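Subject: Structure handover

Hello,

Please find the sequence and structure below, followed by notes on what was found. The notes start with the sheet and end with the ligand.

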Amino acid sequence: MFEDLTYKLESAFKKIRGQGKLTEKNISDALREVRRILLDADVNYKVAKDFIEKVEKKSLGKEVIASITPGQLIIKIIHDEMVDLLGGKTSPIVISNNPPSIYLLAGLQGSGKTTFAVKLARYLKNIKLKPLLVACDIYRPAAVEQLKILGNQINVEVFHLDKNPIEIATESIDYAKKNGFSAVVIDSAGRLHIDEEMMDEISMLKEACNPTETYFVVDSMIGQDAVNTAKAFHDRISYDGVVLTKLDGDTKGGCALSIRAIVNKPIKFVSIGEKIDSIEVFHPDRMASRILGKGDIITLVEKAQSAFEEKQAERLEEKLKSNKFDFEDFLDQLRLIKKLGSLSQTLSMIPGIGTKLKNTQIDEKALVRVEAIINSMTREERKNPRILNASRKRRVARGSGTSIQEVNRLIKQFEDMQRMIKKFSSMDFKKAFRNFNLNLY
Ligand SMILES: Nc1nc2c(ncn2[C@@H]2O[C@H](COP(=O)(O)OP(=O)(O)OP(=O)(O)O)[C@@H](O)[C@H]2O)c(=O)[nH]1
Ligand SMILES: [Mg+2]
């Protein structure tokens, strides 16, 4: 899904990630590239332009907190704006309090309505509704048969009659009420292009069966055209939501990114394959992370913003530089690590360390034992580990459920680390921490 778009954005982000400072110039350079990539992916021109303007405005006004790089911050802003562009919050399917819930599907020929009708019926079954599928496509010879075969696969009854679509739909609702169906999914006929006849029929259908929700089903592979079709349908039948199909195909992503902004209606579901179970509820935030391929940075920045206060970062930096880093600070860091998830993450948030620490693996389990050892020390011992003589060490080992050897090893490691910290500006943190890890336990 959107591999090409993700790949290109990834390359653009590589360039901005390293930027030390946010200036008007580097922001606009980076965003110009992002804009070009969006247009290449068939994002509607106006949508791309508005998107970039919003990101630019937010980036310029933003204070960069010490723990993240400006590049990471821009990526986060782009992500947030993309979530917004995709609709912000998830828009769940509406279920009527007065069953049956009625869902009407509209869209061009081949957009995936019939396939989606069946997927939706399956989804409804899974949430404990009893769906009825209704075949209102009386024009294509095999349409009813297609729905019957698919309905059969999921054990859902298919309603069909030799009448016109309006009669079929209204009678199906009566049938559903009489026979205890709690949901009705109406599959309508598509046309190759928008024509009056089809539009008349679908709007009459909508009027006749007063659906709980009407969905516009669109093939995400058709690019810019999708947006025009979506608008044309919306002008006529004012649907409640969009279903994007064929996202498993070679879609560039433009349709997915533009459609919500153009019609101002939420994307409800995505269809990602020909199989009946390939349906997903649409979540704007997850989709944005998929497109940007930057889940890691987004989470990191979010965590950093909430858990790592600037002051704390400054204090630590100060201590590191003035060589006053003791077990007490070490413990603070360990606690922070717990909140943030990992030591390498925490360390990478300290300016000047992050880039040197890439790919360092740290054994998180060992940290639990380290914390236990430090917790068993007195405040004095933490401030000044040199006073830890044999009997104190024995006490600490006992208190922490470890051994004297382990306590000794930690102290030695800590002293090594202090020594390294002394050489803060010149040292190779990555190497240093790798040693720290290997030798721990
Ligand atoms: N790869 C892929 N194919 C899909 C998806 N959804 C539907 N298709 C295929 O697209 C083709 C058209 O799907 P239909 O469900 O028949 O489309 P329709 O909108 O009902 O078409 P008409 O009834 O002719 O208007 C079929 O071959 C489906 O198997 C999807 O999410 N991914
Ligand atoms: Mg069909």
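In this predicted model, 8 strands form an open sheet with mixed pairing, in the order β3-β2-β4-β1-β5-β6-β7-β8. Strands here are DSSP runs of E of at least two residues, helices are runs of H or I of at least four residues, and both are numbered from the N terminus. Two strands count as paired if DSSP finds at least two bridges between them. The edges are held by β3 and β8 (279–281), each with a single partner strand, so one side of each has no neighbour in the sheet.

On conventions: this is a predicted model in which local features need pLDDT of at least 70 and side-chain atom pairs count only at pLDDT 80 or more, while totals for chains, interfaces and linings use all residues. Residues are numbered from 1 along each chain as its sequence is written, and chains are lettered from A and ligands numbered from 1 in the order in which they are written.

Strand β2 (residues 131–135) is largely enclosed by the rest of the structure, because 5 of its 5 residues are buried (20 or more other C-beta atoms within 10 Å of the residue's own, with C-beta atoms placed from the backbone). Pro131, Leu133 and Ala135 point one way from β2, and Leu132 and Val134 point the other way.

β2 runs parallel to both of its partners named here. It is joined to β4 (residues 183–187) by 5 bridges, with Ala135 opposite Asp187. To β3 (residues 158–159) there are 2 bridges; Leu133 has Val158 as its bridge partner, and Val134 stands opposite Phe159.

β2, helix α6 (residues 143–153) and β3 make a right-handed β-α-β unit (with the strands pointing away from the viewer, the path from the first strand over the helix to the second runs clockwise).

Which residues come nearest to ligand 1? Of the 20 residues around ligand 1, they are Gly112, Lys113, Thr114, Thr115 and Gly190 (a residue is near if its C-beta atom, placed from the backbone, lies within 6 Å). Helix α5 gives the largest share of this shell, 3 residues.

Regards

Terms used
A residue is buried if 20 or more other C-beta atoms lie within 10 Å of its own, exposed if 12 or fewer, and partly exposed in between; C-beta atoms are placed from the backbone.
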